[in-house]
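Take a slow look at the chain below before you read on. Try to follow its path from one end to the other.

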Amino acid sequence: NIIQSFIKEMGDPIDPKTGKRRTAIIMVANEGVMDFVLNFICSAISANIDLSSFVVFVGQEEYIELLHTIGAKGFYDINLGSVPREAADTYADRTFTKLMWLKVTSVYVALYAGFDVIFQDADLVWIKDPTDFLHEQKNYDMIFMDDGARTMRFGPLFTNTG
């Protein structure tokens, strides 16, 4: 069961000390974009951000050990689909599409497991942990960022992770 495997990796979705839902901070990566993930993790470490809530859904199982070694978590399940190793060449090519599927299913898995979710693309860096700020926003169920795209494809209410 994918959900149970995710909970095994992340721990209980309810914090036993506070009784509140824990947050899973999710990224998706294959071998072709692992350098972005490592760059993000380096930026988080330099900003003294705790990596224990970070989980990277990986397309290649061998990256789980690397992620664990540097303090993050890695999750792989063949039932989420096969993901090519290489980075996408162009928007909407086969690799891009497979990674988009993994992005959608990663959020579903974490939400279904009972976690709050922050999803981000791997090509971002943090200078400060936004988790507390986002939890303070009590009037919203979801918050999205806007990267400024104004084509029909990214029309009103089209969410973007970065």
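What follows is a walk from the overall layout to single residues.

This is a predicted model, in which local features need pLDDT of at least 70 and side-chain atom pairs count only at pLDDT 80 or more, while totals for chains, interfaces and linings use all residues. Residues are numbered from 1 along each chain as its sequence is written, and side-chain values use heavy atoms, with hydrogens and water left out.

Start with the layout. The protein has five helices and four strands. Helices (H or I, at least four residues) and strands (E, at least two) are DSSP runs, numbered from the N terminus. Along the sequence, the pattern reads α-β-α-β-α-β-α-β-α.

Now the surface. Of the 162 residues, 37% are buried. Buried means under 20% relative accessible area, exposed means over 50%, and partly exposed lies in between (1.4 Å probe, protein chains only).

Next, the contacts (heavy atoms within 4.5 Å). Take those between residues at least 6 apart in sequence: 63% of them join residues at least 24 apart.

Go to strand E1, residues 23–29. Why is E1 described as largely enclosed by the rest of the structure? Seven of its seven residues are buried, so the rest of the structure largely encloses E1. In a regular strand the side chains alternate between the two faces of the sheet. In E1, Thr23, Ile25, Met27 and Ala29 point one way. Ala24, Ile26 and Val28 point the other way. All of these residues are buried.

Which strands pair with E1? Two strands pair if DSSP finds at least two bridges between them. Strand E4 (residues 116–119) runs parallel to E1, and four bridges join them. There, Ala24 stands opposite Val117 of E4. Strand E2 (residues 54–58) also pairs with E1 in the parallel sense, over five bridges. Here Val28 has Phe57 of E2 as its bridge partner. Between E1 and E2 the chain passes through helix H2 (residues 34–46), and this β-α-β crossover is right-handed. Right-handed means that, with the strands pointing away from the viewer, the path from the first strand over the helix to the second runs clockwise.

Thr131 sits in helix H5 (residues 131–136). Is Thr131 buried or exposed? Thr131 is buried, because its relative accessible area is 14%. Leaving aside neighbours within four places in sequence, Thr131 is in contact with Thr23, Ile25 and Ile118. Thr23 and Ile25 belong to the E1 residues that point one way.

Leu111 lies in helix H4 (residues 94–113). Its relative accessibility is 44%, so Leu111 counts as partly exposed. Leu111 and Ile3 are 108 residues apart in sequence. In space, their C-alpha atoms are 9.5 Å apart.

Finish in the loops. Asn48 is in the loop between H2 and E2. Its phi is near 60 degrees, a positive value in a residue other than glycine. Asn48 is exposed, with a relative accessible area of 71%. Ala92 is in the loop between strand E3 (73–75) and H4. Ala92 is not a glycine, yet its phi is positive, about 70 degrees. With a relative accessible area of 45%, Ala92 is partly exposed.
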